[in-house]
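Hello,

Here is the structure I promised to pass on to you. Please open it first, and then read my notes below.

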Amino acid sequence: MTLLALFGVISSAIFSGTSLLYTTLGEVIDERSGIVNLGLEGVLLVSASSGFAVTALSGSPYLGILVSVLAGGLMNIILGYLVITRKANQLASGLALMFFGFGLSALIGKSFVGTKINSLPRLLLPGLEGLPRIYTSLFKFDPLIYLVIPMAFLVWWLLFRTRWGLGLRAVGENADIAYASGRNPHLIRYQALFVGGMLAGLGAAQLAIAYAMNWTEYMTAGRGFIAVALVIFSKWHPLRAIVGALIFSAAVAFQLLLQSSGVQISPFLLDTIPYLLTLIVLIAWGGNRKHSAPASLGRVYQGSE
Amino acid sequence: MLKTSEVAPRFPMLQNKTIILVIRYLYMILLAFLLFGVILLISGKDPLQSYKDIFTYTLGSAYGFSEVLVAMIPMLLTALAVALPARVGLINVGGEGQLYIGAAFATFGALTFSSLPAWLLLPIMIILGMLGGALWAFLPGYLKSIGLVNETITTLLLNPVAPKIIGFLIFGFWHSPMDTIKTPNFVEAARLPTFFGTRIHLGLFIGLILLVLFWLFMKYTRWGLEIRAIGNNAQAARRNGVPLKKYLIIVMCVGGAIAGLAGMSQVSGFYGVLLLNFSMSLGYMGFMVSWLAGGEPLGIVLMSSVISVIITGGNLLQLTRGVPYSVINLLLAFTLFVVLARPNLIKGKK
Amino acid sequence: MLKSPDSISSFFNVVSMRGITKAFPGVLANDQIDLDIYASEVHALLGENGAGKSTLMKILYGFYRLDSGQIFVNEQPVTIQSPHDARTIKIGMVFQDFSLIPALSVMENLALFLPQLPAVLDVKGINQRIHQVSERYGLEVNPDALVSQLSIGELQKVEILKLLLADARLLILDEPTRVLAPHEVQALFKVIDSLKKDGYAIVLITHKLKEVLECADRITVLRTGKVAGTLLRSEANEECLISLMFEKKLGSPIVTHKKVSPEKVSPLLELKDVSTHAEGLETSLKAIDLKVNPGEIVGVAGVSGNGQKELGDVAMGLIHCSHGKKFIFGDDFTNRSIQEVRMSGVAFIPENPLTMSIAPFLTVLQNMAITRTKKYARMGGLSMDWQAVRVDVDRSTQKLGFSFPLYILARSLSGGNLQRMVVARELIDEPRLIIASYLTRGLDVQSAIAARQALVQARDNGAGVLLISEDLEELIALSDWLIVLYTGKIVGNFRPEETNVYEIGHLMTGLEVEHVENQ
C-alpha cells in the first residue's frame with residue numbers, strides 16, 4: 001500500500017469523525033441535563049438540509065452554518081416542549097422527532113439535490129508545508145475541523161467549570177436537589193437542549209457544507225445513532241468523546257485501508273465496531289456505578305405541586 | 001412536594017372512557033392533518049385534494065384498503081414486541097434489530113431447506129425467525145436481570161448492528177447471482193400464503209391472533225397475573241415469591257421472538273426475498289405504536305391502522321402528486337407529536 | 001468565651017414554635033406543640049418512632065406546611081412555606097437519607113448551595129472556603145472526592161458543611177447517629193460542641209438516651225405528637241426520660257404464655273452466626289444467632305433502622321448471608337431463593353404493605369392469589385380458579401374477623417385494610433413459619449387484636465413466629481422469647497416475663513444495662 005493511500009485514509013477519517021464529534025458533544029450536553037435525544041438523526045438532517053439550502057441560496061457558507069446551528073437548536077426545542085413541558089416519554093418523543101427530521105429535511109432539500117455550493121476554505125495543517133503537493137492536498141482541512149477539539153474542551157469547561165454547567169449536571173443527576181438549591185430544572189433542560197442542538201447543527205453543517213458539499217436525502221447515514229452510542233462509550237464526558245470519535249474514525253479508516261489493500265473483511269462487520277465496543281465497555285464497567293449515566297436520565301421532572 | 005417519576009410509560013386506560021378517548025384521538029389526528037395541510041400548501045399542493053386522494057384510496061377502495069392492512073402487519077407484531085416486555089417494566093427499543101435478525105434466521109431456513117414442502121418449511125422459518133429475535137433480545141434481558149446494564153441502552157445499541165450483519169450475510173454468502181444487495185427470490189414454498197388476490201398475507205392473521213392471545217394471556221393465565229404483579233410493583237412481586245429474574249429474561253426473549261416473527265413475515269410474506277435495509281424503521285414504529293396505544297391490544301390495532309393509512313396514503317401522494325415519499329414522515333411526525341403532547345380537549349381530563 | 005466570627009448570635013437568640021399542629025390522613029402527627037430553640041445550645045428532640053419529632057422539624061424547615069400554629073424568630077412571627085424560605089432565615093436541616101448527588105464531587109455538591117456563586121467556578125477559592133470551615137469545626141473531608149466514594153460519616157460531614165457554607169445558623173440533624181459507627185458518633189459530638197460554642201443552635205432528633213445525656217443542653221420529649229416534657233440537661237436522668245418516652249400503658253395481656261420445652265424440638269428457623277453486607281443506608285447484621293421453635297413466638301424489639309428489616313429479609317432469602325448459615329425446617333436454606341422459602345411454607349408479612357406487598361393496580365382478590373399462583377392455576381396455568389381463591393380468602397377473613405372489599409383495585413384500600421389483606425393472605429395456608437414485621441401497624445384496636453390472636457392461634461397449632469415490632473407492649477404480651485436488636489447486633493435475649501419495658505427501652509436506645517437474671 002502506498003503512503004498516499006494511507007494518508008488519504010487518515011484524511012477522510014478526520015473529515016468523517018469531525019461531524020460525529022460535534023454531534024456527540026451536543027448529545028453529551030443533552031444527556032447531562034437528563035434528556036436522551038433519540039431523534040438526533042432527525043436533528044442532523046434538518047440542520048444539514050437547511051444549512052445547505054441557505055448556503056446554496058445566499059452563496060455564503062458562513063450564513064449556512066449559522067442557519068444549521070440555529071436549526072439544530074430549534075429542533076431540540078421541539079423535543080424539549082414534548083418531554084419537558086408536556087412531560088412526554090423521551091424515547092418515543094425522540095423517535096417522533098427523527099421521523100419529523102426525515103420528512104422536513106427531504107422537503108427542504110428536495111430542490112437542492114445536485115446543487116453546487118461555495119464551501120469553506122481549506123487550510124493546510126500547519127507544519128506540513130514541506131510535503132509534496134500530492135500529499136498536502138489531503139491535509140487541507142476546513143476551519144470547523146480545526147475548531148472541533150477546542151470545542152470539546154470548551155464543552156468540558158462549560159460543564160465542569162461554570163455555575164451553569166454545575167447546575168445542569170445537578171439537574172441531570174437529581175432534579176429535586178437542583179430545585180432545592182434554587183434552580184429551575186425546566187429552564188436548565190431547555191437551555192441544555194438548545195445548546196446541545198446547536199452543537200449537533202454544527203456537526204451537520206460540517207458534514208453537508210464543508211465535507212460532502214452536496215445534499216442527498218438521508219445523508220447522515222446513522223451518525224445520530226452512532227453519536228448516541230459514543231456518548232455512552234465516552235461515559236458522558238466531552239473529552240472522552242474525542243477518544244470515542246477517534247475510534248470511530250479509525251474504524252472507518254481501517255475499513256478503507258483494508259479495502260484499498262485488497263483484504264477481504266466485510267465492511268459491514270467493521271461498521272459494527274463502535275456499537276459492539278460500546279456494549280463491551282458497558283458490560284466491563286458492570287456494577288461499577290461511579291461513572292455511569294446521569295442518574296435522572298430519561299426521567300420526567302414533575303416539578304413542584 | 002417534588003416528585004421525580006420513573007420513565008415507565010403511564011398508559012392511558014383504554015377501558016372505561018373509550019368514547020372520550022376516541023374523540024380525543026380523532027381531534028389530535030385532525031390537528032396533525034391541519035399542520036400537514038399547511039406544509040402541503042407551502043409546497044404548492046392542494047391539501048384538500050391530497051387528503052381526498054388519501055382517504056378515497058386507503059379507505060374508499062378495496063385494493064387501497066388491502067394495502068393499508070398489508071402495511072399494518074409488521075407494526076402489529078413489532079408493537080406487541082414492545083407491549084409485552086413493557087408489562088414487566090422492560091423498555092424494549094430493540095424491535096428494529098430483533099426484526100432484522102429474525103428475518104435473517106428465517107431467510108437461512110428458506111435458502112437451506114428450499115426443497116421442503118410449504119407446510120414444513122413455513123413452520124421451520126417461523127420458528128427460526130422467532131429464535132433469531134429471541135437470541136437478539138436475550139443479552140439485554142439477561143444483563144438487566146442481573147442488574148448490570150439497562151435494557152434500554154443495550155437494545156438500542158444492538159439495533160444498528162443487526163442490519164450490518166444482514167449486509168454481511170447477503171453480501172458474503174446469500175446474494176443472488178444478479179444482485180449483491182439481496183438474496184435470490186424465495187421459492188414458492190417459503191412464501192406465506194396471500195389472500196383475496198391482494199398482498200394481504202398470513203402475517204396479518206398471525207399478528208391479530210397473537211394480539212388476542214396476548215390479551216387472553218394477560219387476563220386469564222397464571223403467568224399473566226404474575227407479569228402484571230411485576231409490572232405493578234416489582235419489589236413486592238419479588239417478596240411475594242414471583243421469580244422476577246426469570247420473568248425479565250423470558251419476557252424479553254418472547255418480545256424479541258415476536259419482533260423476529262415480524263421480520264420473518266416481512267421477508268416471507270411481503271418481499272419474498274431478503275433485502276438490505278428492508279425494515280425502514282418498522283421496529284421504531286412499533287415502539288411508538290405500542291407506547292401511544294398504552295400497550296393495549298385494541299389500541300395497537302387502532303394506532304397501527306392510523307399510521308398505515310398515513311403511510312399507504314403517502315405512497316399514493318408520491319405517485320399522483322409528486323410529493324416526495326419522505327415528506328409523509330412529516331404527517332407521521334405531526335400525528336405522533338400531537339398524541340405525545342396530549343392536548344386537552346376536555347377540561348379536567350388528563 | 002463566645003468566639004463568633006461574624007456575629008452569629010446577633011442574628012437570632014431564639015426560634016419559638018407555638019401551638020404547632022399537623023395532621024396526616026389518619027394520624028395527628030403534631031398536636032399543639034410548643035418548642036423554643038436557643039442559640040449556643042444543643043436541643044435534643046427525644047421520642048419513639050412516630051412520636052412526631054421529624055414532622056415537627058420538617059415543618060420548621062418548610063418541608064411540610066403546618067395546619068395551625070406560629071413560628072417566631074426573636075419574637076417576630078415568620079412564615080416558612082418552603083425549604084427555600086427556611087434557608088433565607090438561616091435554618092438548615094440534614095435529613096436521614098442524605099440529599100447529596102453521588103456523581104458530583106464534594107466541592108461541587110457544596111458549591112451548588114453556595115449563595116452568590118460566581119458564573120465561573122473559582123475551584124481554588126471554593127476549596128479554600130471549604131477548608132477554612134471544615135478545619136474550624138473538625139469536618140475535614142477531601143473536596144475532590146466523589147460523594148459516591150464517601151463513607152456515611154463523611155457524607156454527614158458534607159451535609160453539615162453544606163449548611164454552614166450556606167450560612168445556616170440553626171442546624172437540624174435528623175437522627176444523625178443512626179448510621180454512624182461509635183467513633184464517628186464521638187467525632188460528630190465534638191463537631192456539635194464546637195458549633196455550639198460558636199453560637200449555632202443545634203436541634204438533634206434522636207431516640208438514643210445515651211447520646212442525649214452526652215451532648216444535649218435542653219431536652220424535649222415527644223410522645224404521640226405531644227410534648228411529654230421539656231427538661232434541662234441538669235434536671236434529666238435516664239429514668240425520667242424513659243418514663244416520659246414510654247408511657248406505661250395499663251392493659252391486661254391478651255394471651256397467656258405457653259410453656260415450651262425447647263430441648264426436644266428442632267427449630268423451624270435457625271440462624272447461626274449470620275452476618276450480612278449492608279448496601280446504602282441499610283444496616284448490616286452482625287453475628288446473629290437465632291432460633292424459632294415450633295409453638296413459639298420470638299419477638300424482635302428495636303428502634304427501626306437497627307436491623308429488623310434486614311433480619312426479616314435474611315430469613316426470607318431476599319438478602320444473602322455473607323457469613324453464617326440459615327436453616328429452615330431443619331434444611332440448609334442459606335443460599336435458597338425466596339421462592340423456595342415461600343414454597344416450603346413460610347409466610348411473610350413485610351413492614352410496609354403498600355411498597356413491599358401489594359400490586360396496586362390489581363384487584364384485592366388478585367393480590368390474594370399472587371403468592372401462590374400455582375395452587376390456584378388450572379389447566380396447567382392457562383386459567384386461574386378465582387372461586388378457589390375466594391373460598392380460601394373467605395375462610396381466612398372469617399377466621400380473623402376481617403372484612404374488606406375483594407373486587408376493587410388494591411390501591412384504593414385504606415392502609416388498615418391493606419394490612420388486613422396481607423395478614424389474611426399470608427395466613428391462608430396455615431404456614432408453619434410466619435415472619436411478621438409491624439403486624440399491627442395501621443390496624444384499629446379490634447383488627448389488631450384479631451391479627452394478634454391469629455398469630456397466637458397459629459403458634460398454638462405448632463407454627464413458629466418471628467415477630468418484629470416496635471410496640472413493646474405487644475412484644476411482651478405475645479412473645480415466648482424476646483430479642484433486642486441494636487445496630488445490627490442482638491443486645492438482649494430473654495423471656496419476656498424476665499424483663500419490662502424500661503429494660504428493653506434501655507437496650508433499644510443503646511444504653512448498657514446489667515441484665516438482672518431472674519432466678
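The crossing in which α4(A) passes α12(B) is left-handed. On the α4(A) side, the contact is made by A:Ala92, A:Leu95 and A:Ala96, and α12(B) brings B:Tyr284, B:Phe287, B:Met288 and B:Trp291. By class, this contact has 7 nonpolar residues, no polar and no charged ones. Please keep in mind that the model is a predicted one.

Next, chains B and C. Here 19 residues of chain B are in contact with 24 residues of chain C. On the chain B side, the elements giving two or more residues are α9 (222-232) and α10 (234-239). The most comes from α9(B), with 7 residues. That side of chain B is made up of 8 nonpolar, 6 polar and 5 charged residues.

Finally, a sheet in chain C. Its 4 strands form an open sheet with antiparallel pairing, in the order β2-β1-β4-β5. At the edges are β2 (27-38) and β5 (76-78) of chain C, each of which pairs on one side only. From one strand to the next, the twist averages 25°. Strand β4 of chain C (residues 68-73) runs antiparallel to β5(C), and 3 bridges join the two. If you want a place to look, C:Ile71 stands opposite C:Val78 in β5(C).

Key
Residues numbered from 1 in each chain as written. Chains lettered and ligands numbered in written order. Predicted model: local features only at pLDDT ≥ 70, side-chain atom pairs only at ≥ 80, totals over all residues. Left-handed = near helix turned anticlockwise from the far one by under 90°. Contact = placed C-beta atoms within 7 Å. Nonpolar A, V, L, I, M, F, W, Y, C, P; charged D, E, K, R; others polar. Pairing = 2+ DSSP bridges. Axes fitted to C-alpha atoms, helices over the stretch in contact; angles between N-to-C directions.
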